[in-house]
Each structure stands twice: as C-alpha cells, then as structure tokens.
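The sequence and structure come first.

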Amino acid sequence: METSVDRIAQPWGGRTPYARGQAWPSRVDTHLATGVESADVERWVQAASILHSDGDAMDIAVKDGRMVGVRGRAVDRVNRGRLGPKDAFGWQANASSDRLTKPLIRRDGQLVETDWDTAMALVADRSRELLQERGPGSIGFYTSGQLFLEEYYTLAVAARAGIGTNHLDGNTRLCTSTAAEALKESFGCDGQPGTYDDIDHADVIALFGHNLAETQPVQWMRILDRLEGGDPPRLVCVDPRPTRVARAAAVHLAPRAGTNVALLNALLHEIIRTGHIDHGYIAAHAVGFEELAKMVEDCTPEWASRICDVPAARIVEAAEVLGTADRLLSTVLQGVYQSHQATAAAVQINNLHLLRGMLGRPGAGVLQMNGQPTAQNTRECGANGDLPGFRNWQNDEQVADLAAVWNVEPSTIPHYAPPTHAMQMFRYAEQGSIRMLWISGTNPAVSLPELSRIRSILSQERLFVVAQDLFLTETAQLADVVLPAATWGEKTGTFTNADRTVHLSDKAVEPPGEARPDLDIFLDYARRMDFRDKDGAPLITWHDPESTFEAWKRCSAGRPCDYTGLTYGMLRGASGIQWPCNEQAPEGTDRLYTDGIAWADPDVCETYGKDLVTGASVTAVEYRSLNPDGKAMLKAAEYLPPHEAPSDTYPFQLTTGRTLYHFHTRTKTGRAPQLNAAAPDVWVEISSSDAEARGLGEGDLVEVTSPRGALRGRLRITDIRSGLLFVPFHYGYWDTASGSGPDGRTPPRAANETTITDWDPVSKQPLFKTAAAAVTLIEKSSGRPAPAPTTTASAPSRPGVVRPTEGGATAQVLETTGTHGDETAGGTQ
C-alpha cells in the first residue's frame with residue numbers, strides 16, 4: 001500500500017519498474033478519511049473512477065452507511081490497483097452539504113422546492129403540449145459523459161422511439177466526437193483499435209495533443225514505470241506546452257495552434273519518402289494510398305516549418321523515430337480534437353498506423369482517446385447523435401434492424417437527416433424551434449463556448465429547461481425544473497472506458513434526501529409519457545439496472561460493440577472486460593483488427609464517411625465504389641489556416657485545457673479539500689519572452705479578452721511557445737465570493753467567456769484551441785493596481801432559489817454550485 005505518499009505533491013506515486021513485454025506489477029493505493037483505519041471499514045464495494053476516461057477500478061469503503069475512502073483494485077487490467085489524485089480524493093464531494101435533495105420548480109421567477117410527482121408531472125405535461133402543438137422537433141435532450149450505460153440507453157430509446165426527436169446529443173460532443181468520427185472515417189466503425197496493455201509492449205509511444213500525465217495519470221504511471229525499466233520506450237510528444245509528457249519525450253514538437261494537419265502531413269511525407277511503410281499491409285488492408293501520397297508529396301518538413309513554427313530538423317527527427325519503431329502506440333486527445341481541422345488531423349494519425357502496418361499486434365495500436373469516463377457509452381447507446389449499436393442512419397437495413405429490436409416501425413426512428421449535434425441544438429433553441437431542452441448531468445452555462453450567448457439562450461422565457469444534476473449549477477439556476485440526481489457510489493450501473501473495458505459500479509450508500517438515480521428518473525418519465533411500441537405494449541419494459549443491461553445486450557447483439565457475452569455476475573468481483581464479448585470472444589477482445597478490417601464493408605459500416613475539409617456526407621453509392629471490399633481508408637486532407645487569426649487588437653492565440661487536480665467544471669473536485677487546495681483558482685499561462693515584452697511578472701493579475709468576452713486570472717510564466725496563452729477551463733462561478741454568476745461586479749473567470757462559436761465540419765466538435773486574444777495587466781503581484789478594462793460578462797436573468805424554512809416561510813438562497821456531470825469544455829494540450 002502507498003498510504004504514506006502525498007498524492008498532491010507526488011501525484012504519480014512511487015515507481016514499480018518493469019521491462020518491455022513484462023506484465024505491469026500491481027500496487028494498491030488507498031485513501032481513507034481522517035481517523036478511519038482499514039479495520040474500521042464495514043464493507044468494500046466495487047466501483048471504478050467517474051472522474052476521467054481511464055476507468056480506474058476501485059473499491060469504496062463504507063462505514064456507518066457513508067463513504068469513508070477508496071482503494072485500488074489490484075486484479076483489474078486497467079490500473080493494477082493504482083489511483084490518481086482525483087480517484088483518491090474526489091469521492092468526498094458526494095457528501096457535500098450543498099447537494100440537491102428535493103426537486104425544484106420555477107414559480108414567479110424563483111426556484112422553489114416541490115415533490116417529485118409535481119416536478120415530473122410538469123415535465124411530462126410540457127412534453128405532451130409541445131408534441132401536440134409543435135411536434136417532436138420541438139424537444140431536445142442534452143446529456144453527459146458520466147452517466148451509466150443503462151441510463152444512456154434508456155434515454156436514447158425514450159428520445160428516439162418515444163418522442164421521435166432527432167435532437168439528442170451529449171457533452172461528449174465537446175470531448176470525444178472527433179475520436180468517434182476519426183475511427184469511423186478510417187475503419188468504417190467506432191471502437192478503439194488498441195488497448196492500454198500496448199504500453200507494456202511498445203518501443204515508441206507518440207502522444208498527439210494528449211497530456212496523459214494530467215488527463216489519465218494512472219496510465220502515465222504505467223509509462224513512467226516502463227521508462228525506469230529495461231528497454232524503455234522512446235516518447236514523441238506533440239504539444240505547444242512544456243508538459244510533464246513533453247519533458248520526458250525524446251522528441252517534443254510544439255506547433256503553432258491550429259496547424260496540426262500541416263505538421264502531420266509533413267510527418268507522413270517523411271515516412272513515405274524514407275520508405276518506412278508496409279506495402280504488403282497497405283495492399284491487403286487499405287485503400288487510398290495513391291491519393292494520400294499525392295496530397296503529402298509537397299508537404300516537406302521545410303514547408304511545415306514555416307506554417308507550424310517548428311524546426312524542420314525536429315520534424316525529420318520525429319518522423320525517423322516514428323518510422324523506425326518496431327511497435328508504435330499512438331494516443332490522441334483534445335490538443336487535436338478541439339483544434340482546427342480536428343477530424344482531418346486525427347485521421348492522419350490513423351493513416352500513420354495504416355502506412356506502417358501498426359495495428360492489431362501487442363504494442364502496435366492507436367488510441368483515439370475519450371475525455372470523459374462514459375463517453376464511449378454515449379456513442380454505443382446512441383445518446384451522442386449516433387444510432388444505438390453503431391448503426392448507420394443512412395442504411396435502411398440497419399435502421400430496420402434497430403426498429404425490430406425496439407418493436408417499432410422504422411419510420412418512428414428519425415433518420416431523415418444526420419442526428420442533430422449539440423451546437424446546432426443550442427442554435428435551434430436560440431432561433432425558437434426547440435422549445436424544451438432537458439439537460440442531464442452537464443453544465444453548458446460554463447462549458448460551452450461563448451458563454452454570454454449560452455446564458456442568453458438558456459434564459460429565454462420561451463425555452464423550457466430541465467436540469468438534472470447533483471448540485472445547483474450555473475445551468476440549473478436558469479432552469480424551470482431541477483431534478484436532484486444520485487451519482488457514482490449511490491447507484492448501480494456499468495460503464496466503458498477509453499480502451500473498451502466494461503466495469504460494473506455497485507451502489508455503496510444511499511443518495512441524500514430524495515435524490516434519485518438517473519435511470520429511475522428516465523424510467524419515470526417514460527411511464528408518464530406512456531410510450532408504446534407498434535403492438536401497443538410498453539416501449540420500455542425494463543425496470544432496474546440489470547434488466548436494462550440485458551435489454552442493451554439484445555440491442556448490441558451482432559454489432560461491433562457486442563455485449564452479449566457479459567453479465568453483471570461476470571463483472572462483479574473480477575477485472576473489467578473489453579468488448580466485443582460474445583460466443584466468439586467469451587473473455588473479451590484485447591485488440592481490434594488483428595485479422596483485417598472487420599466493419600468497413602459497405603453493407604455493415606457505421607458510416608459512409610464525410611469529406612474531411614467540408615464535412616459533406618459521402619453517399620452509399622460513392623462509398624461502395626471507393627471501397628467495395630471493405631478495407632481501411634487512407635483519407636488525405638489539405639491544410640487550411642484557422643478561421644480566426646491574431647491581429648493588432650488580439651495578438652495572441654488562446655488555448656484551453658485541464659489540470660491534474662480537477663475535472664471539467666470542478667463540481668466534484670472543487671469540493672474535495674485536497675484537490676481544491678492544489679488548484680484553487682484559474683490562472684493564465686504565458687511565455688517568458690511575451691511576459692518580458694509586456695512588463696508582466698509571475699503572479700500578476702491579468703485580463704484575457706477576445707472578441708466575445710473576458711476572464712481574469714493570475715499569471716504563470718512558463719516555457720509555453722511564444723504567442724500562445726493557456727487557461728484551464730474548469731473554473732466557473734459557483735465558488736466566487738459573491739456566490740452568483742458574472743454580474744458586472746464579479747470578475748469573470750470562466751475560460752469559455754472568450755472562446756469562439758466554431759466547430760469542426762466533420763465531427764461538429766467545438767474548437768477551444770484557436771481563439772484570438774489579448775492580455776492586459778490589472779494588478780501587479782505586489783498589489784499595485786493597473787487601470788482595469790471595462791469588459792464584463794452579462795448576467796443571468798433567472799437568479800435565485802427559494803426554499804421553505806422550518807417555520808413555513810421562505811428565504812432566498814443565493815448560491816451557485818457545481819454539476820453532476822462535471823462538464824467537458826477544453827482540452828489537454
């Protein structure tokens with residue numbers, strides 16, 4: 001056990017070195033509440049982390065009906081008993097005194113407590129009114145990346161086959177939609193080709209826009225152990241910041257923001273020029289080589305150097321390391337996904353692996369990573385804009401297959417157009433066609449770009465907003481109905497991590513007050529709406545987590561994400577298991593594509609693809625003519641400059657991202673004392689040369705402005721590339737001194753006050769990496785003030801909560817707290 005290690009000062013703990021090809025040794029990390037010893041624990045309840053996409057397996061310690069700590073699960077394949085800082089400390093947020101415990105409804109402009117029947121009747125009545133008056137397109141659902149599989153699936157059935165709306169997406173649109181789209185563009189289907197176990201076998205590990213040390217710290221522990229063992233891997237890091245990963249890399253490339261495609265095209269140019277390609281693999285398993293080779297023919301390192309501001313010699317060096325790897329593992333995250341030409345760039349990384357034949361073998365794989373713990377489940381279950389089971393909305397046979405599973409007519413399932421993505425949903429709400437928006441487990445009033453616009457949309461009187469959450473979030477403050485939800489440790493369900501590992505998380509303690517599991521809330525809604533199948537029977541027949549899981553298994557049968565071989569019994573007590581798990585693979589599947597590309601055939605593929613530059617959909621006829629044999633697709637993309645460039649007024653580029661100690665909008669981690677103390681407030685990162693040129697010093701209070709808004713934070717001077725500012729996106733307004741949102745007096749501190757309403761044309765993922773910005777001194781670190789700019793953020797129009805006092809009177813409570821969803825809105829560069 002590692003109970004003596006300070007996991008704030010030493011977040012990755014001690015080392016257990018091991019050599020290439022060996023198994024990663026176990027190390028059990030434990031954290032218990034002060035005064036609690038292991039002998040005091042009455043029960044240990046199986047779970048996995050809900051504070052990142054790694055899926056670290058853990059046990060929850062229970063004493064006197066409450067959580068008192070956690071320990072890692074040594075038997076689990078993902079973490080071998082290790083816990084990151086958020087794993088170790090984040091559980092404390094469950095017991096926060098400001099948890100929502102009763103439903104709230106808006107009366108006379110104020111939120112007041114009510115009972116569940118009143119709140120749910122109001123939601124159902126409004127749904128029926130809109131269906132009758134305006135049709136299913138007037139209702140939208142915006143969910144999380146942190147609910148359980150069972151909850152997403154129920155929501156998807158209710159929305160798609162019950163309501164019949166095309167407007168269902170998750171905040172995974174902000175973190176993982178590019179991962180899904182890139183996999184579909186290259187392989188015809190979603191699903192990670194690689195596995196975390198590839199770290200044990202790789203001799204080169206390339207991290208593209210992925211600050212693994214802070215976003216998946218347990219897998220960084222794994223790499224650190226490899227680096228200290230025999231035959232350590234070489235690391236290649238692409239990131240404009242001097243992260244812990246960058247400092248450990250053999251080659252670090254720090255490109256100008258928004259130029260990823262140029263850099264990757266130059267790397268592919270060098271790989272092809274030097275002959276480091278597997279012609280046999282390409283001939284057997286891929287199409288499009290000639291087009292790709294032609295596209296990158298003139299993309300020399302010198303050409304890319306002028307665009308990316310990276311030395312040409314370093315590009316050549318990186319290409320040599322990548323091109324001579326015996327077993328190459330690549331990981332990708334928000335530095336690619338939330339930047340300009342996101343899908344085009346992610347696909348070029350897939351191309352690198354296809355050119356080199358680096359798929360389907362131990363140590364040879366690609367991980368198009370996720371940003372949230374259950375992002376994979378939103379994609380599988382159809383809660384993110386796809387159809388459940390990775391079905392193709394353009395393929396009538398696949399739509400009919402789904403309709404048969406649900407026993408509805410195919411026309412019931414909207415497939416007349418692409419499912420509506422989140423940014424378009426908010427635009428429809430802004431324009432007035434969406435009149436009801438149900439937001440579950442997420443906080444768009446902090447996490448979406450251009451926050452003044454989002455607050456304005458959510459504050460519209462004509463928009464009926466339902467917020468389902470743990471806390472009174474910035475979003476919930478603007479809602480018409482607030483539903484108190486149970487969270488991890490207070491409910492049972494399954495979730496799937498970034499390498500397809502399915503974990504079971506059991507209920508350990510009761511939720512506070514009248515809070516209910518999200519599954520129970522969705523099931524209650526379905527009953528009240530009386531959704532029916534084509535024979536007049538109830539559309540939704542399941543009633544608890546396990547029966548929901550069994551229903552999902554029937555939906556997944558024969559699909560790429562086949563769960564039919566899994567049961568709660570198999571998942572309880574042992575390690576997590578990777579899908580597909582079925583009769584052919586009863587113990588799960590370590591790696592995909594070990595024997596060719598399985599799901600790219602025109603009859604079974606999840607998508608026919610899109611143009612990587614314009615986002616225009618490819619038709620079934622076009623796809624069949626280009627890829628009749630169902631091979632992987634080498635798709636080329638030309639580099640285009642970012643849409644917003646620096647100017648005299650806004651001379652910097654602004655990128656947002658994460659810190660090791662917080663998750664999304666800090667609603668859990670900000671309530672864990674150790675994590676909050678480690679990173680209590682927002683900061684602004686700048687290069688030493690840019691700081692010196694402007695007379696700025698470490699700790700100065702500065703204001704960052706863009707054409708859309710402003711934020712304030714203390715300055716940190718680092719080796720970040722010149723011309724770039726970095727701001728962590730976690731910080732909203734729930735813990736400011738005023739206790740309210742931006743009101744013209746409270747200094748704005750949310751990064752997304754400044755970010756641009758723009759998205760990738762293919763994945764529709766918002767861009768948080770390329771805004772133009774300026775920085776202005778507000779106060780020197782010594783306390784000497786500077787003239788303050790007048791830019792402030794607009795105030796919400798629906799503030800306040802009214803709660804009954806013990807005597808029956810009312811008292812206004814001005815408080816803004818965090819979110820059940822701990823929403824995604826930034827990146828990892």
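## Aromatic pairs

Rings of Phe, Tyr and Trp (its six-membered ring) count as a pair if their centres lie within 6.5 Å; planes under 30 degrees apart are called stacked, over 60 edge-to-face, and the rest tilted. By this rule the structure holds 15 aromatic pairs. The model is predicted: local features need pLDDT of at least 70, side-chain atom pairs count only at pLDDT 80 or more, and totals for chains, interfaces and linings use all residues. Residues are numbered from 1 along each chain as its sequence is written, and side-chain values use heavy atoms, with hydrogens and water left out.

Tyr608 and Tyr623 make a tilted pair, 5.7 Å centre to centre with 55 degrees between the planes. Tyr608 lies in the loop between β20 and α23, and Tyr623 in helix α23, so the pair ties together parts 15 residues apart in sequence. Helices (H or I, at least four residues) and strands (E, at least two) are DSSP runs, numbered from the N terminus. Tyr608 is buried at 6% relative accessible area, and Tyr623 is buried at 3% (buried: under 20%; exposed: over 50%; partly exposed: in between; 1.4 Å probe, protein chains only).

## Charges over rings

The charged end of Arg244 sits over the ring of Trp12, 5.9 Å from its centre; that of Lys491 sits over Phe148 at 4.9 Å. The criterion is NZ of Lys or CZ of Arg within 6 Å of the ring centre and within 35 degrees of the ring normal.

## The sheet

Five strands form an open, parallel sheet in the order β11-β10-β9-β13-β14 (strands pair if DSSP finds at least two bridges between them). β11 and β14 stand at the edges with a single partner strand each, so one side of each lacks a neighbour in the sheet.
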